[in-house]
Amino acid sequence: MRPLLALLLRAYPRAFREEFGAGMLEIMMTDYARARSTGRVRALFYVVATGLDAFAAGLAERLNPTWTAMTPADEGRWQMGRTLEAWARDFMHATRNLLRAPGFTLVTAGTLALAIGANTAIFSVVDAVLLRSLPYADTDRLVSVRGTAPGSDLPDEFGVTDEMFVAYRDNADLLEDAGMYGVVQSTARAEDQVERLFMGRVTAGTFPTLGAMPALGRLPTADDDETVVVLSNWLWNTWFGADPDVLGRAYDIAGTSRTVVGVMRPEFRFPDERVALWINMVIEEGELTPGGFGPSMVARTAPGADHADVAAQLAPLAARLPEQFGSNAIYARIIGQYRPIVRSLREELVGDVEGPLWVLLGTVGIVLLIACANVANLFIVRAESRRQDLAVRKALGADRTGLIRSQMAEALLLAALGGAGGALLALVGVPLLVRAAPEGIPRIETVGLDLTALIFTAGVSVAAACAFGLVPAIRVSNPGPVGGLRQGGGRVGGRPSHWGRDALVVLQTASALVLLVASGLLVQSFWQLSRVDPGFDTDDIFTFQIAPTGEDLNSGVAYGRFHNQFMDRLRALPGVESVGLVQELPLDEGAGATFMQTERILASGADEPLIRYTFVGGDYFETMGIDVLSGRRFDHTDEDPGVTHAMVGRAAADLLWPGEDAIGQRLRPAGAEESGLWWSVVGVVEDVYLEDFRQREPEALVYLPLIGPGYGVGSPAYVVKTARADLIAPEIRALVREVDPNSPMYRIFTMQGLADRSMAQLSFTMLTLAVASGLALILGAVGLYGVLSYVVSQRTREIGVRMALGAQARQVRRMVVAQGGRVTLLGVVVGVLAALGITRVLETMLFGVGAVDPFTFVAMSGLMLVVALLASYIPARRASSVDPMRSLRTE
Amino acid sequence: MTSRTYEILNTLEYYVLLALAHKALYGYALKQAVAAESDGAVTPRAGSLYRVLARMMTRGLVHEVEGGAGDEPHPGLDRKYYALTPDGRDTLRAEAGRLRDAAALAEQRLGLVERAP
């Protein structure tokens with residue numbers, strides 16, 4: 001009778017019904033029961049009378065409301081209050097339910113916390129490094145101008161030259177402001193401090209271009225010379241105790257006395273956070289000499305100008321340069337091939353790390369997806385077991401929204417727990433992540449768990465709750481009036497429909513496989529890279545630089561003597577096997593480059609090739625383990641201003657004298673014709689990789705001795721071969737202090753450290769991806785295991801019947817495993833297709849392996865299948881150990 | 001107490017306030033109390049009772065209170081308890097005074113009370 005009586009309530013307006021319906025229904029039901037107990041007629045009479053009353057009172061209420069006599073605003077507030085109340089009730093209910101199932105709660109909230117924490121941590125890095133705008137004014141109008149000259153010997157991309165900068169700045173009306181800058185590492189001496197610092201060399205226009213203002217003092221102007229310097233806020237704080245009197249004082253900076261005119265604001269970093277101070281760079285515009293590509297250029301574009309327009313305006317300006325400057329052949333050739341590259345400053349500053357960071361965010365996103373799929377699975381199973389309860393509630397008049405709401409309350413509560421746990425994990429994890437991150441990620445020091453990251457966490461948590469809660473909630477809230485109430489639902493023969501869970505397993509398998517393939521490709525790249533022979537040893541080599549000072553150091557010979565004496569002191573240290581030095585260390589600074597000529601090139605009129613060169617001394621080749629292929633190494637007799645001997649790498653020998661013996665051949669830098677000097681080759685050595693292990697082939701490299709005609713080497717890198725490479729630094733530091741107390745030691749590495757550094761970005765990305773894919777694999781396996789376990793428990797009776805009819809345990813096992821296998825196989829197919837599309841984003845990070853490497857795809861698919869079969873085997877065993885008699889009694 | 005005028009209550013309203021003046025009640029208990037205290041003269045049906053209750057709540061004479069926890073005789077139907085507000089109490093007191101005056105007048109007219117000498 002309740003539904004009929006409840007129907008009578010429809011006579012009242014909705015607000016009235018919602019407020020008083022329950023009370024009225026109780027009265028009606030109690031009175032009806034009493035009337036019924038005295039006879040059917042009385043009961044019928046009661047229903048009719050009550051119906052009339054409801055009709056009359058309902059009509060009266062509608063015409064002359066007692067309860068809805070509220071303003072629409074009140075009504076809205078009242079409705080919202082009702083909704084909030086309902087949610088509060090559902091949340092209380094959900095809390096009780098979750099407390100009653102601590103295992104389920106811990107597993108799901110823990111899974112979510114891991115995934116959400118990983119997302120929060122990576123997001124906070126992405127936000128700080130990529131999303132937050134640069135600390136300059138109007139950053140979207142700031143561009144970097146570089147160039148490329150395909151077909152020339154120059155690198156793929158390079159900076160501008162002085163005269164190019166001046167031409168661009170003065171003639172391109174799409175550029176409002178422009179500055180030129182570079183970063184050098186040099187010694188600064190102030191008060192009692194001596195240290196090697198990164199210093200910006202910037203033209204006066206750079207600061208206004210960036211819209212930067214000083215915190216103290218002033219900025220350099222066009223009238224200043226190069227003895228003017230501006231301090232970064234952190235240098236001002238750490239070196240000068242934030243003393244405002246620092247303005248106007250002069251210090252020895254990069255070998256010259258320079259006066260501090262200003263201090264920048266704390267947030268100003270340019271071009272990166274390492275830079276401690278900025279030296280005013282002056283371009284002598286009256287006496288520009290063409291060439292010297294290298295410095296970077298930053299410019300502010302006119303409003304609305306896009307990058308292509310700017311590049312189109314710059315190209316003809318560059319093309320006119322040779323005629324303006326009385327071209328030499330090499331310069332004209334490069335300009336002929338030159339094309340300007342204009343891109344946003346942001347891209348220039350963060351470009352290298354952008355790809356890997358998005359990959360990492362994508363990775364943890366996939367892990368979250370898998371975690372959600374897992375939790376959704378558990379949710380469906382849990383909801384299935386409450387299907388009857390829900391069906392009863394529905395029959396009792398609970399509406400669908402209410403049912404979905406009560407399910408979602410549980411999902412949201414779990415997601416909130418997971419989100420809170422994730423935030424905690426991120427709080428611990430972000431500092432670890434920052435410490436583990438490779439060098440050179442801009443603004444990494446600003447990464448932290450801030451409000452943006454927490455908002456992101458909250459958003460991700462809610463999204464996750466919708467992802468894993470909504471579908472099960474909707475499914476379950478619609479149990480169908482009969483099916484839900486029918487006892488048991490133990491179907492014999494007919495397969496229960498669980499396509500929803502199967503789909504989740506497919507999704508999980510596919511996502512996990514994508515991650516597995518990606519990390520497989522990275523692991524292979526890492527392995528390939530670590531097997532690259534760079535041409536030198538990396539074991540047991542300690543390296544450092546000093547920049548000696550002293551009045552007697554007034555010639556190349558004097559510097560050479562200093563270095564040779566210092567190397568003797570180093571050799572005397574215990575455990576040191578050999579010592580050498582080099583102007584620029586491979587994997588660190590690379591080497592200089594110049595156009596070289598040989599007699600043959602001069603005779604043929606061919607283009608002079610751009611060749612790298614460096615200076616070496618002591619036992620450099622022995623220490624680095626660089627093999628001599630023919631001829632001999634340098635010795636002390638070569639270190640003489642009157643001797644012009646050179647050694648060449650194999651690539652340089654092949655390039656300059658193809659098919660000939662290089663020993664005894666002669667070469668010289670272009671532009672050195674007047675001296676009349678030629679360098680003759682005394683030895684050929686194995687090639688070395690100068691920049692990193694990813695080079696397709698080693699550069700052509702020429703070695704010159706420590707001392708030669710008119711030159712010497714000021715501050716080379718020393719290389720020390722010793723089994724104590726990791727420990728020897730303090731002893732060497734003491735030695736440096738003794739020999740030259742005013743010279744700081746800097747660029748202190750081991751060669752192994754440099755090798756690791758050159759692979760740091762890859763190893764970091766690889767490690768993160770490997771951890772993520774491992775996690776994905778486990779979660780995927782757990783998901784499959786959960787589904788199969790549930791299916792087996794649902795089919796216990798069916799399996800019992802089969803076994804009673806003579807099915808063997810093996811057949812039953814095979815049946816269950818096959819079911820898992822089918823789903824996994826579908827997941828693998830989907831995953832392979834997805835991975836084919838997705839691994840392309842890794843292309844720039846890969847080395848020695850293609851983005852669609854068949855071996856990796858097959859191996860990882862195999863791994864996924866094996867793990868899936870293992871995950872199916874446990875439920876399969878359980879199924880095969882079903883006791884037919886017991887199983888038939890289970891329901 | 002500031003003097004204010006109180007509206008005249010109808011019978012059902014009066015008995016509802018009267019019943020709630022004793023203690024907070026839920027719907028069915030209220031209905032029973034009204035019937036008992038009116039000696040069975042007033043037996044409102046659900047709609048009438050709740051419309052009166054709604055009107056009094058709108059006027060601020062009655063409000064919903066935390067009821068005694070526990071018995072839920074019909075699943076899913078939570079009981080709400082209602083009680084008098086201070087205004088409701090004042091209104092009931094004024095109505096009782098009005099009824100007393102009216103009753104005294106009636107008794108006087110019917111000669112039930114002796115005239116003062």
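Reader: Ok, starting with the strands: which residue in β9(A) is the bridge partner of A:D177?
Author: A:R300 is the partner of A:D177 there. Before going on: this is a predicted model, where local features need pLDDT of at least 70 and side-chain atom pairs count only at pLDDT 80 or more, while totals for chains, interfaces and linings use all residues. Residues are numbered from 1 along each chain as its sequence is written, chains are lettered from A and ligands numbered from 1 in the order in which they are written, and side-chain values use heavy atoms, with hydrogens and water left out.

Reader: How many bridges join β2 of chain A to β9, and which way do they run?
Author: There are 6 bridges between β2(A), residues 175-190, and β9(A), residues 296-301, and the two run antiparallel. Strands (E, at least two residues) and helices (H or I, at least four) are DSSP runs, numbered from the N terminus. Two strands pair if DSSP finds at least two bridges between them.

Reader: And what about β2(A) and β3(A)?
Author: Those pair in the antiparallel sense too, over 10 bridges, with β3(A) covering residues 193-203. A:S186, for instance, has A:L197 as its partner in β3(A). The two strands form a hairpin with 2 residues between them, and A:E191 in the turn has a positive phi of about 45°. β2(A) is also joined to β6(A), residues 250-253, by 2 bridges, again antiparallel. In β6(A), A:I253 is the partner of A:A188.

Reader: Switching topic: how many disulfides over all chains?
Author: The count is 0, a disulfide being a pair of cysteine sulfur atoms within 2.5 Å.

Reader: Is A:C372 buried or exposed?
Author: A:C372 is buried, at 7% relative accessible area, whereas A:C466 is partly exposed at 34%. Buried means under 20%, exposed over 50%, and partly exposed in between (1.4 Å probe, protein chains only).

Reader: Now salt bridges, how many are there?
Author: Over all chains, 39. The rule is a side-chain nitrogen of Lys or Arg within 4 Å of a carboxyl oxygen of Asp or Glu. One of them joins A:E348 and A:R146 at 3.9 Å, N to O. A:E348 lies in helix α12 of chain A and A:R146 in strand β1 of chain A, so this pair ties together parts that are 202 residues apart in sequence.

Reader: Which residues are in a network with those two?
Author: A:E157, A:R343 and A:E347 are linked with A:R146 and A:E348 in a network of salt bridges. A:R146 counts as buried at 16%, and A:E348 is partly exposed at 24%.

Reader: What about chain B, where do B:R93 and B:D90 lie?
Author: Both are in helix α4 of chain B, 3 residues apart, about one turn of the helix.

Reader: Last one: how many cavities of 30 Å³ or more?
Author: The structure holds 9. A cavity is a set of points on a 1 Å grid over the protein atoms alone where a 1.4 Å probe fits but cannot get out, and lining residues have an atom within 4 Å of a point. Points are joined across faces, edges and corners, and volume is the space filled by probe spheres set on them. The largest cavity has a volume of about 70 Å³. Its lining includes A:F20, A:E26, B:Y50 and B:R79.

Definitions and conventions: 1 Å grid on protein atoms, 1.4 Å probe; cavity = no way out; pocket = protein on both sides within 12 Å on 5 of 7 lines; lining within 4 Å.
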